[in-house]
Amino acid sequence: MNEADIPIDIAASKLLDWLISRRIVDKNWHLNIRNIRNKISNAITDMPAHDELLQLLSGAHINYFHCLRIVEILKTTEADSKNVFGRYGSQRMKEWQEIVKMYEKDSLYLAEAAQILVRNISYEIPGIRKQIKHLEQLSEEAEKKVEDLERSEKVVLAEYQNMCKHLGVTGENLRQELVDKVFNDLPGMLTKVANSVSPLKKTIELYASFVTDPECLPLLKHVLAKGNTTVYEYVYGEPPLSIEEPPVKFVTEQTDSQADDDGAIDFGDDGGAIDFGDGNALDLDAPIELEVGDIDWGAVEPAAPAAAVDDNVIDFDISLEESGIVVEEDGNLGGVARGDEAYTVLDAQQYRDRFINDLLELQSFLKMRLHQLGSADKAQMLSFTMMDNFTAHDEKSVAGMLAEVEVVYAGVADELMQHLLQIKHSPVYVDILTSNVKQKLSSIEKMKETAAMKKEKSISFKQQSVELKPTMTKVIEQMKTLQGQIEKDISKRYKNRPVNLYGTNL
């Protein structure tokens, strides 16, 4: 094989070491390159107007091969300064020709070109690629976050709508709607619970005969017999003459300025004198002088004595009406229900709890009986004396009784009714409940803001990655050009043998 056909393969990352090892460049080449860079910086400040020059100077790092092209362009722009000896009198041309000569001394240009190639292959291009990939990843993550936020927003909105639906409000004026429901809906809800107790009559009688205690389930029996009466009637056994239920006072929000005004008393005197409107002002700082004189105590002269009356004589002819004395009936028929006694038994917390306890007691009894009726060992069950009362009841009838009890319990334990009772007996609770519901709306607003911000970031990241791709393409093209120039230069040094720089990954 001809020696000229044997290729020279050089690892691109080891190109500079290869040049130094072949003594093509000196190992201390970088000490002389600084002067060349300074001359280039000074020379580019004075350049003729030329499109290709502008493109070269605005591009990548100016190297030796750029300088050769600049000299070729100056030969046309500075042609007027050329003398008969073929030399140019233009200072621009002299500066760039000197730069080229400095580059060619000890092959400095080749060392610098190799360093540029290695730096761009190892760091510049991989860095741009990594940055583009990172920006694309950030854009995708932001888009996924937007999708997650939109899903969460729909979930929270559905929760808010369900809460409003469960509370029976539209949500436009949540606080006022809840307050209105306390006065408009709560009494009807309590009455409905009291009416639902009617089907439990036989069940209560069955339980009373089982426990042989006529005083069992007192609240449940009272509601069954008389309905949702006042606590007064339950306690005393008689309805009150009138009811004075404690007023419900809802706390209104107070501004800071009102709070400051309420905290101090303004006498309107500004610390000065008091003007009583008679032209004489009273100076508060002046000493007070008291005039001592006769004091009129406003005593009334005693009236003339009336005709003498015999205190020992009793007049028995005066009627009861004339005397003004009212005789009340026995008991508390003439009483007035005030305070907690004015509430109904299902409205007052203490008595409502006792009503619920009665229901749970009856429910537990029926569940136990239902379990015994459904058990396999019915012979043992029939041995109980209590079964004398259960001869007319089978498993199906007991299950029906249990269902009726659970209907009443579901009504009295209704969540909406519990909220309304809390609002009525603790007015500050309406603000707590309103805040909890409105917190859903504030969460939705925050999610919307975050989603909009993430969407903007996603667009921004994507735009940045798109803008970097042309830059990377341009750098790769410049590196390919530089690679070809280096290979061509090395090839000339070795009798035009083909030179291959591998490992560039361009």
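Predicted model: local features only at pLDDT ≥ 70, side-chain atom pairs only at ≥ 80, totals over all residues.

Reader: Why is lysine 424 called buried?

Author: Its relative accessibility is 14%. Buried means under 20% relative accessible area, so lysine 424 counts as buried.

Reader: Which residues is lysine 424 in contact with, leaving aside its neighbours within four places in sequence?

Author: They are Val182, Leu186, Glu245, Val248, Tyr343 and Asp347. Contact here asks for heavy atoms within 4.5 Å.

Reader: Let us turn to α5. How do you know what span to expect for helix α5?

Author: Helix α5 covers residues 91-104, which is 14 residues. The expected span is 1.5 Å times one less than the number of residues, and for α5 this gives 20 Å. From first C-alpha to last, the helix reaches 20 Å, close to that expectation.

Reader: Which residues of α5 are buried, and what puts them on the same side of the helix?

Author: The buried ones are Met93, Trp96, Ile99, Val100 and Tyr103. Around the axis they cover an arc of only 125°, so they sit on the same side of α5. These buried residues pack against α2 (30-43), α4 (64-77) and α6 (108-167).

Reader: What follows α5?

Author: Aspartate 106 does, and its phi is positive, near 55°.

Reader: What makes the contact between arginine 37 and glutamate 112 a salt bridge?

Author: The rule asks for a side-chain nitrogen of Lys or Arg within 4 Å of a carboxyl oxygen of Asp or Glu. For arginine 37 and glutamate 112 the N to O distance is 3.1 Å, so the pair passes. Arginine 37 lies in helix α2 and glutamate 112 in helix α6, so the bridge ties together parts that are 75 residues apart in sequence.

Reader: Are these two partners, arginine 37 and glutamate 112, buried or exposed?

Author: Glutamate 112 has 3% relative accessibility, so it counts as buried. Arginine 37, at 21%, is partly exposed, because buried requires a value under 20%.

Reader: How many salt bridges are counted by this rule?

Author: The count comes to 14. Among them is the pair lysine 469 and glutamate 136, at 3.3 Å from N to O. Lysine 469 lies in helix α18 (residues 429-493) and glutamate 136 in helix α6, so this pair ties together parts that are 333 residues apart in sequence. Lysine 469 has 38% relative accessibility and counts as partly exposed; glutamate 136, at 31%, is also partly exposed.

Reader: What N to O distance do glutamate 143 and lysine 462 have in their salt bridge?

Author: Their side chains meet at 3.0 Å. This pair links distant parts of the chain, with glutamate 143 in helix α6 and lysine 462 in helix α18, 319 residues apart. Glutamate 143 is partly exposed at 33%, and lysine 462 is partly exposed at 42%.

Reader: How many disulfides does a search of the whole structure find?

Author: It finds zero. To count, a pair of cysteine sulfur atoms would have to lie within 2.5 Å.

Reader: And why are cysteine 67 and cysteine 216 called buried?

Author: Cysteine 67 has 0% relative accessibility, so it counts as buried. Cysteine 216 counts as buried at 6%, because the cut-off is under 20%.

Key. Residues numbered from 1 in each chain as written. Heavy atoms only, no water. Helix = DSSP H or I, 4+ residues; strand = E, 2+ residues; numbered from the N terminus. Buried < 20%, exposed > 50% of the residue type's maximum accessible area, 1.4 Å probe, protein only. Arc of directions from axis to C-beta.
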